[in-house]
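Good morning. Please have a look at the picture before I start.

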Amino acid sequence: LFLFTLTSLLSGQTTVAIVDFEGKGVSQTESSALTDRFGSELFNLGVFSLIERSQMNDILEEQGFQQTGCVSAECAVEVGKMVGAEQIITGSISHIGNVFSVSSKIVDVESGRILKMSTYDFEGEIGQLLRVGMRQAVIKLVGGELPSVLSEVGEGTIYITSIPSGG
């Protein structure tokens, strides 16, 4: 953990941990898979250093902490402190009818303040949410911190050169 933190400091990237998103109308397995994809998409932006989920789970297990159901800012701060993150991302994935809603927030571990919140709605199948939608949910959440990025959506390609703060 010390080496990871030192590497993050030297790279100038913010160290972020992601807590499993709460599933509402989706199974725990689906929620976990979607959380994994959210983390992959966040990492691929090259803006943040991520704490590996298996390392995070090992640390939490050693401390006797269950992250299941950890959706409040207070719980997120506690997890973030345990794993050495500067910021932590929590969220939920809801499914109503043919619409999936990905709600996420970035919490500053030191202050407990919510830095950003976002809701991304996706109409379609869960497989498409995984393949395309989670990338868009990440972009919507971190919008103001993005460098120029290239994002493929379905058949087309969207070039994003800057996104105003607030997503």
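At what angle do helix 2 and helix 5 pack, and how far apart are their axes? This is a predicted model, so please keep that in mind throughout. Helix 2 covers residues 28-44 and helix 5 covers residues 126-142. The angle between them is about 50°, and the axes lie 9 Å apart. Angles from 65 to 115 degrees count as roughly perpendicular and those under 35 as roughly parallel. The pair is therefore oblique. The crossing of helix 2 and helix 5 is right-handed.

Which residues make that contact? From helix 2 we have Glu30, Ala33, Leu34, Arg37, Phe38, Glu41 and Leu42. From helix 5 there is a list that includes Ile126, Leu129, Met134, Val138 and Leu141. Sorted by class, the contact holds 12 nonpolar and 5 charged residues, with no polar ones.

Next, another pair. Helix 3, residues 53-62, packs with helix 4, residues 73-83, at about 100°, and their axes are 9 Å apart. These two helices are therefore roughly perpendicular to each other. Met56, Ile59 and Leu60 of helix 3 meet Val79, Met82 and Val83 of helix 4. What classes do these residues fall into? The contact has 6 nonpolar residues, no polar and no charged.

Last, the pocket. The second largest pocket holds about 210 Å³ of space. Which element gives the most to its lining? That is helix 2, with 5 residues. The lining includes Ile18, Thr35, Asp36, Gly39, Ser40 and Phe43. Leu50, Ile51, Glu52 and Arg53 also line the second largest pocket. By class, the lining has 4 nonpolar, 3 polar and 3 charged residues.

That is the end of my part.

Definitions and conventions:
Residues are numbered from 1 along each chain as its sequence is written. This is a predicted model: local features need pLDDT of at least 70, side-chain atom pairs count only at pLDDT 80 or more; totals for chains, interfaces and linings use all residues. Side-chain values use heavy atoms; hydrogens and water are left out. Axes are lines fitted to C-alpha atoms, for helices over the stretch in contact, and angles run from 0 to 180 degrees between N-to-C directions. Helices (H or I, at least four residues) and strands (E, at least two) are DSSP runs, numbered from the N terminus. Angles under 35 degrees count as roughly parallel, over 145 as roughly antiparallel, 65 to 115 as roughly perpendicular and the rest as oblique. A crossing is left-handed if the near helix is turned anticlockwise from the far one by less than a right angle, and right-handed if clockwise. Contact means heavy atoms within 4.5 Å. Ala, Val, Leu, Ile, Met, Phe, Trp, Tyr, Cys and Pro count as nonpolar, Asp, Glu, Lys and Arg as charged, and the others, Gly among them, as polar. On a 1 Å grid over the protein atoms alone, a cavity is a set of points where a 1.4 Å probe fits but cannot get out, and a pocket is an open set with protein on both sides within 12 Å along at least five of seven lines; lining residues have an atom within 4 Å of a point. Grid points are joined across faces, edges and corners, and a volume is the space filled by probe spheres set on the points.
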